[in-house]
Amino acid sequence: MLTDYHLHLRPDDYDASTAAHHTQANAERYRTVAGERGIAELGVSEHIYRFTQALDIWRHPFWERYAHDDLDEYCAFVRERTDLRLGIEADFVPGAENRIANMLDARPFDYVVGSVHFLREGALDMDDYSVWDSGRSVDQIWRRYFQTIGESAASGLFDVLAHPDLVKYWSPAARRRPDGDLRRYYELAIDGIARSGIAVEVSTAGLRKPAGEIYPAPAFLAMCLEAGAPVALSSDAHRPEDVGADYERALEMLAELGVGELCVFERRRRSLEPIGASAISAPSGEHEGASAPAAER
Ligand SMILES: [Zn+2]
Ligand SMILES: [Zn+2]
């Protein structure tokens, strides 16, 4: 059984509206591509900052700019008009744990994907508000990032730790990556991951980003597995043609590390299903000619 739980029904463009993308027809497009690629379990996890209710959690200017939609309308749409599991991608905002918990617990999610896109006000993976322009060193940013995802896991707010080494988002040529064995940074997150029992996401999105690598690095995933974490597999697609993108590479990595099961979620209860021998039927190059989305995070 293959899964793709970290999906967005629209690009991250400012003007990508729910009216245009939260439709049955669009959800069916994602389902169709998933079917072609042998993926049975599908769920949608829109960014929490797209919803006005998120401003009760945090008032970062980026969130204030994007918060237009109603969270309960989204939940009702997914539940009533689609056959997708209902998830959400929620940022970990240190200090706002209770407000995040209240928002999540009041709604019928099947799972919550927990992300760290910001260190305090500074963005890791976009040019606006960039943490890389904050005067902090690469070493400081990497340390702080892995400490923060350890805290996000330990918070118990989330079912899945999203794109676990997002800090590597930029191209190696951008010199935003420390030298040497990176396990000295990964180590900072492991205690929180081990104590919480959170699932660790293997995401092919990194292959579509300047980094050009799966999240997380094999050495980090090996440490998470050692700590007892199960794996959730996703593409973080923001358009139908990216559902299950490059899964053959992710499955190869999982096989090399001895992972034979994936997490399945329902109403925030987790079970494990064998990956099995199911092959991906569509080759990864199928949509090579398509243009890259303008922005997706
Ligand atoms: Zn996402
Ligand atoms: Zn994300």
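Predicted model: local features only at pLDDT ≥ 70, side-chain atom pairs only at ≥ 80, totals over all residues.
Student: At what angle do helix 6 and helix 7 pack?

Tutor: Two packed helices are described by the angle between their axes and the distance between the axes. Axes are lines fitted to C-alpha atoms, for helices over the stretch in contact, with angles from 0 to 180 degrees between N-to-C directions. Here helix 6 (residues 138-154) and helix 7 (residues 183-196) pack at about 5°, their axes 7 Å apart, and they are therefore roughly parallel to each other. Helices are DSSP runs of H or I with at least four residues, strands are E runs of at least two, and both are numbered from the N terminus.

Student: Which residues in helix 6 meet helix 7?

Tutor: Contact means heavy atoms within 4.5 Å. Among them are Trp142, Phe146 and Ile149 in helix 6, which meets residues including Tyr185, Leu188 and Ile193 in helix 7.

Student: Now the metals. Which residues coordinate the zinc ion (ligand 1)?

Tutor: Donors are N, O and S atoms within 2.8 Å of the metal (3.2 Å for Na, K and Ca), and since water is not among the atoms, sites may look incomplete. The zinc ion (ligand 1) is coordinated by His6 (NE2), His8 (NE2), Glu89 (OE) and Asp236 (OD), at 2.0 to 2.3 Å. Along the chain these donors follow the spacing H-x1-H-x80-E-x146-D.

Student: Why is the arrangement around the zinc ion (ligand 1) irregular?

Tutor: Four donors count as tetrahedral if all angles lie between 85 and 135 degrees; four count as square planar and six as octahedral if opposite donors are over 155 degrees apart and all others between 65 and 115; anything else is irregular. Here the angles run from 81 to 163°, which makes the arrangement irregular.

Student: What are the protein donors of the zinc ion (ligand 2)?

Tutor: Glu89 (OE), His117 (NE2) and His163 (NE2) lie 2.1 to 2.2 Å from the zinc ion (ligand 2). Glu89 bridges this ion and the zinc ion (ligand 1), which lie 3.6 Å apart.

Student: Is His117 buried or exposed?

Tutor: Buried means under 20% relative accessible area, exposed over 50%, partly exposed in between (1.4 Å probe, protein chains only). At 0% relative accessibility His117 counts as buried, and at 1% so does His163. His6 and Glu89 are buried too.

Technical notes. Residues numbered from 1 in each chain as written. Chains lettered and ligands numbered in written order. Heavy atoms only, no water. Parallel < 35°, antiparallel > 145°, perpendicular 65-115°, else oblique.
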